Amino acid sequence: MTGDGFPYGYKKLGICLKEDYKLIINHKKVYRLCKELDILRPQRKIYPKRPKKLAKREKITGPK
């Protein structure tokens, strides 16, 4: 499970525990264990969406 070069989150880790070791374990329990062992990776920050900038409306009087 460890050392295969892929970062595991608690959800993926829980799936691996179920498939590889045939454990009956809830994803919330896996999260609590990971938190206790301090192996959780920092969560991504959600940045607020900025409004799109609209082009200025200029009145066209004729060719330049």
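How many helices and strands are there in the chain? The chain has 2 helices and 0 strands, where helices (H or I, at least four residues) and strands (E, at least two) are DSSP runs numbered from the N terminus. The model is a predicted one, in which local features need pLDDT of at least 70 and side-chain atom pairs count only at pLDDT 80 or more, while totals for chains, interfaces and linings use all residues. Residues are numbered from 1 along each chain as its sequence is written, and side-chain values use heavy atoms, with hydrogens and water left out.

**Surface and burial**

Of the 64 residues in the chain, 11% are buried; buried means under 20% relative accessible area, exposed over 50%, and partly exposed in between (1.4 Å probe, protein chains only). The chain exposes about 7300 Å², and carbon and sulfur atoms supply 56% of that area. Accessible areas come from the Shrake-Rupley method with a 1.4 Å probe.

**Helix α1**

Helix α1 comprises 12 residues, 10-21, and reaches 16 Å from its first C-alpha to its last, close to the 16 Å expected at 1.5 Å a residue. The expected span is 1.5 Å times one less than the number of residues. Leu13, Gly14, Cys16 and Leu17 are the buried residues of α1. Seen down the helix axis, these buried residues fall within an arc of 160 degrees, so they line one face of α1; the arc is that of the directions from the axis to the C-beta atoms. An α-helix has 3.6 residues a turn, so residues three or four places apart point the same way. On the other side of α1, Lys11 and Glu19 are exposed. The cover over the buried residues of α1 includes α2 (27-37), with contact meaning heavy atoms within 4.5 Å.

**Lys22 and the loop**

Lys22 follows α1 and has a positive phi, near 55 degrees. This residue is found in the loop between α1 and α2. A polar atom of the Lys22 side chain lies 3.0 Å from the backbone oxygen of Glu19.

**The aromatic pair**

A search of the whole structure finds 1 aromatic pair. The ring centres of Tyr10 and Tyr31 are 4.9 Å apart and the planes stand at 70 degrees, so the pair is edge-to-face. Rings of Phe, Tyr and Trp (its six-membered ring) pair if their centres lie within 6.5 Å; planes under 30 degrees apart count as stacked, over 60 as edge-to-face and the rest as tilted. The pair links distant parts of the chain, with Tyr10 in helix α1 and Tyr31 in helix α2, 21 residues apart.

| Residue | Relative accessible area | Class |
|---|---|---|
| Tyr10 | 23% | partly exposed |
| Tyr31 | 28% | partly exposed |
| Lys22 | 65% | exposed |

Terms used: A polar contact is a pair of N or O atoms within 3.5 Å; within protein, one must be able to donate a hydrogen and the other to accept it, and residues adjacent in sequence count only if both atoms are side-chain atoms.
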